[in-house]
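Please keep the sequence and the model open while reading.

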Amino acid sequence: METSNLVEVTSTRVRNFMLAPIRKWLLIGVALSFLGIFIFIPLLAVFSEALKKGIGLYFAAIIEPDALAAIKLTLLTALIAVPVNTLFGVIAAWGITKFNFKGKNMLITLIDLPFAVSPVIAGLVFVLLFGTSGVLGPLLEANNMKIIFAVPGIVIATLFITFPFVVRELIPIMQEQGSEEEQAALTLGASSWQMFFRVTLPNIKWGLLYGIILCNARAMGEFGAVSVVSGHIRGLTNTVPLHVEILYNEYNFAAAFAVASLLALLAIVTLVFKSIVEWKTKRNDHGER
Amino acid sequence: MFKHSKRHRVLPGFGLSMGYTVIYLSLMILIPIAVLFLKATTISWVEFWETVTDERVVASYKLTFYTSFIAAIVNAIFGTLIAWVLVRYNFFGKKFVDALVDLPFAMPTAVAGIALTTIYAPNGWIGQYFAQLGVKISYTQYGIMIALTFIGLPFVVRSVQPVLQDLDQQYEEAAATLGAHSGQIFFKIIFPAIFPAILTGFALAFARALGEYGSVVFISGNMPMKTEIVPLLIITKLEQYNYGGAAAIAAVMLVFSFILLFLINFWQWKTAKKHQMT
């Protein structure tokens, strides 16, 4: 009885052992095919379509005045939105992770709200607030200020969309680190700023950088929310993604993909940065152990 | 009691950071969203009801939920498989593949949209093979599903991957020693452990898909009643200066999204608590 059982077990293990490599390569094959079809081919298509009509046309599409204006506006938007939300992220993460208070989970959920709001609805919200027939519309008009269909609207919509990125990266890191090191610094006579810049910031720098990278990628690539508030005025309120849309809808595919390839490059740079940051944090973890 | 709370307030900046957080959060997020709900109530109940139960609106709700659900299911299956392959196997180029998984997070949605549309058009790289079979992908519901699958994939992989990594393999070894075959090991030991993570990833992908606009608007064809998603319908109402209607449709959508968000956060909070106890 026992021997037969043992034989059975051994035969199962032998079969498993023989099947393992086949199963392994089958699963890897399916996973890679799926990623190839859904992710790699679209990335490849962007560059292939962009260069279809030759390198001359590619650069012509990028240095054309409307494209340059769009690039400038996108850079400006990111230059405002990313620092503002980074500052918020650090301050909010400090308050949330270093202190105990009631309603903490509720606050975190509220911070997550922009993740759950459709970009189009995010744009709509600001049209309802600042548009000509919006709540603050008459007030803005009386003071000759324009937010919707103008640059401020684009910046505000981007601020909304990228709101949670930095703080969401920081909360888990700072939670794990606790506050002993900061308390030690204070006990040893450090001022609050010394404590922050010499203890807290070095501890969170990689997570912070990662949050900033993600925030920047989204700020430069946001389409739905910005599309609603921008009004699509060429050379004035067109960001790079909106410029891509206009070119594409005009059947100017080569130019659309040429400009889109800039954004695809941004995505690749973002992923490379992200890998570097992950590699650095992993090495730091091992160093501490 | 007093001592306890004081010990936590040794660090500076609680009042300042909380005050700033709450004010910025209110000005930037909460008040604008509240304005949307207020706007939706400026139209009468009858009007509100007629707007959100209009044939075309209901069709777009159905389409959005249906395609988002299918895409999230596809992502739950293949995302788990990809996470498994990335955690358990070694192969050439694994680091590259791992980084590539995040592309949908980093790639602007409009770029993904025009790329997918071109690939799946009847003369595109992949679309041509389906065209031979008489299947159209771009400008149909299938196209919407493909765009939503692209958008949601990283959510499942990134939820399941860390859980699989932390999974203690000694139970699997014990099961194997006791004669369990690999199917039994997977479904009785591994699957129950990673199921909460799969569910979280599924919910995140589903929530993201419900609101997605940029990648879908190019590939969907935007035919009323057939391939018109909710965000597009909101934009259409806006372009007709029907602000009340747009707000009403958006309010219904937001309520669904918020319920999903609260469920996800509650679920994560609960699993985190369980982890702490063990």
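The sections below go from the whole chain to single residues.

## Basis

This is a predicted model, in which local features need pLDDT of at least 70, side-chain atom pairs count only at pLDDT 80 or more, and totals for chains, interfaces and linings use all residues. Residues are numbered from 1 along each chain as its sequence is written, while chains are lettered from A and ligands numbered from 1 in the order in which they are written.

## Chain A overall

Chain A has 13 helices and zero strands. Helices (H or I, at least four residues) and strands (E, at least two) are DSSP runs, numbered from the N terminus. The radius of gyration of chain A is 25 Å, well over the 19 Å from the globule rule for 289 residues, so chain A is more spread out than a compact globule. That radius is taken over C-alpha atoms, and the rule is 2.2 Å times the number of residues to the power 0.38. Along the principal axes, the C-alpha atoms of chain A fill a box of roughly 90 × 65 × 35 Å.

Of the 289 residues in chain A, 43% are buried. Buried means 20 or more other C-beta atoms within 10 Å of a residue's own, exposed means 12 or fewer, and partly exposed is in between, with C-beta atoms placed from the backbone. Among contacts in chain A with a separation of 6 or more, 74% join residues 24 or more positions apart. Two residues are in contact if their C-beta atoms, placed from the backbone, lie within 7 Å.

## Domains of chain A

Chain A splits into domain 1 (1–50) and domain 2 (53–288). Such bounds come from an automatic or database domain assignment. The C-alpha centres of domain 1 and domain 2 of chain A are 38 Å apart. Five residues from domain 1 of chain A and eight residues from domain 2 of chain A form their contact. The domain 1 side has four nonpolar, no polar and one charged residues. Ala, Val, Leu, Ile, Met, Phe, Trp, Tyr, Cys and Pro count as nonpolar, Asp, Glu, Lys and Arg as charged, and the others, Gly among them, as polar.

## Chain A against chain B

The contact between the chains takes 78 residues from chain A and 77 residues from chain B. Helix α2 (residues 14–42) of chain B gives the largest share of the chain B side, 15 residues. That side has 60 nonpolar, 14 polar and three charged residues.

One helix pair spans the chains. The axes of helix α12 (residues 240–249) of chain A and helix α7 (residues 109–120) of chain B come within 9 Å and cross at roughly 25°. The two helices are therefore roughly parallel, a label for angles under 35 degrees. A:P241, A:V244, A:E245 and A:Y248 meet B:A110, B:V111 and B:I114.

## Residues in chain B

B:L164 sits in helix α9 (residues 141–166) of chain B. B:L164 is partly exposed, with 17 other C-beta atoms within 10 Å. Not counting residues up to four places away in sequence, B:L164 touches B:A83, B:W84, B:V87 and B:I194.

Most residues other than glycine have a negative phi. B:Y139 has a positive phi of about 70°. B:Y139 lies in the loop between α8 (127–132) and α9 of chain B, and is buried. B:N222 also has a positive phi, near 55°. B:N222 is in the loop between α12 (214–219) and α13 (230–239) of chain B, and counts as partly exposed.

Note on methods. Axes fitted to C-alpha atoms, helices over the stretch in contact; angles between N-to-C directions. Parallel < 35°, antiparallel > 145°, perpendicular 65-115°, else oblique.
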